[in-house]
Amino acid sequence: MRTFDGLAELEAVVGTHLGYSEWHAITQDQVNTFAEATGDHQWIHVDTEKAAQGPFGTTIAHGYLTLSLVPMLVSEIYRIDGVKMGVNYGSNKLRFPAPVPVGSKVRAGVELVSVTPGAGGHLVTAKVVIEREGGDKPVCVVETVSLVVA
């Protein structure tokens with residue numbers, strides 16, 4: 001965990017890799033709960049018997065479930081002290097290059113892209129790459145934008 005004392009200290013490391021989160025297991029329970037919350041009950045996510053015969057040999061996590069892990073994973077990598085708040089502002093360049101089979105472990109790595117004034121605070125842009133343990137391609141690549149108010 002890297003801790004930055006304010007935005008100026010964070011801005012000083014733009015262009016660097018900030019580190020990795022811990023590994024987190026993806027469970028069928030998580031996938032089923034996400035399916036209930038979003039109404040996305042596609043068989044490749046929730047039907048273990050049919051998915052066993054499908055293209056991945058098992059159920060896989062929803063891409064948006066993987067994306068929704070970003071705040072939790074990033075919170076294990078860095079934090080900014082001395083600010084009033086930070087909120088999601090948006091994302092850029094989202095891709096899901098590989099599936100996440102249920103039972104896999106994933107972690108995120110973060111590269112700080114920019115810290116710029118705007119929108120009533122500072123926009124902090126980071127490239128987040130989520131990888132699967134033992135996988136040869138990332139499972140999610142996204143450029144996140146957070147609004148941080150000092």
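1. Start with E111. In this predicted model, E111 has K127 in strand β7 as its bridge partner. That pair belongs to the pairing of β6 with β7 (residues 121-132), which is antiparallel and covers 12 bridges.

2. Next, look at the turn. β6 and β7 make a hairpin, and 2 residues lie between the strands. A119 sits in this turn with a positive phi of about 60 degrees.

3. β6 has other partners. Strand β2 (residues 17-20) runs antiparallel to β6 (residues 105-118), and 3 bridges join the two. To locate this pairing, find Y20: G109 in β6 is its bridge partner.

4. Strand β3 (residues 24-25) also pairs with β6. The sense is antiparallel, over 2 bridges. Here A25 stands opposite K105 of β6.

5. Now turn to T59. Where is T59 found? T59 lies in the loop between α4 (48-52) and α5 (63-68).

6. Is T59 buried or exposed? T59 is buried: its relative accessible area is 2%, and the cut-off for buried is under 20%.

7. What does T59 touch? Leaving aside residues up to four places away in sequence, T59 touches Q28, W43, I44, H45, V46, D47, T48, A51, V100, P101 and V102. With Q28 there is also a polar contact: the side chains of T59 and Q28 are joined at 2.4 Å.

Terms used. Residues numbered from 1 in each chain as written. Predicted model: local features only at pLDDT ≥ 70, side-chain atom pairs only at ≥ 80, totals over all residues. Heavy atoms only, no water. Helix = DSSP H or I, 4+ residues; strand = E, 2+ residues; numbered from the N terminus. Buried < 20%, exposed > 50% of the residue type's maximum accessible area, 1.4 Å probe, protein only. Polar contact = N/O pair within 3.5 Å; in protein donor to acceptor, adjacent residues only side chain to side chain. Contact = heavy atoms within 4.5 Å. Pairing = 2+ DSSP bridges.
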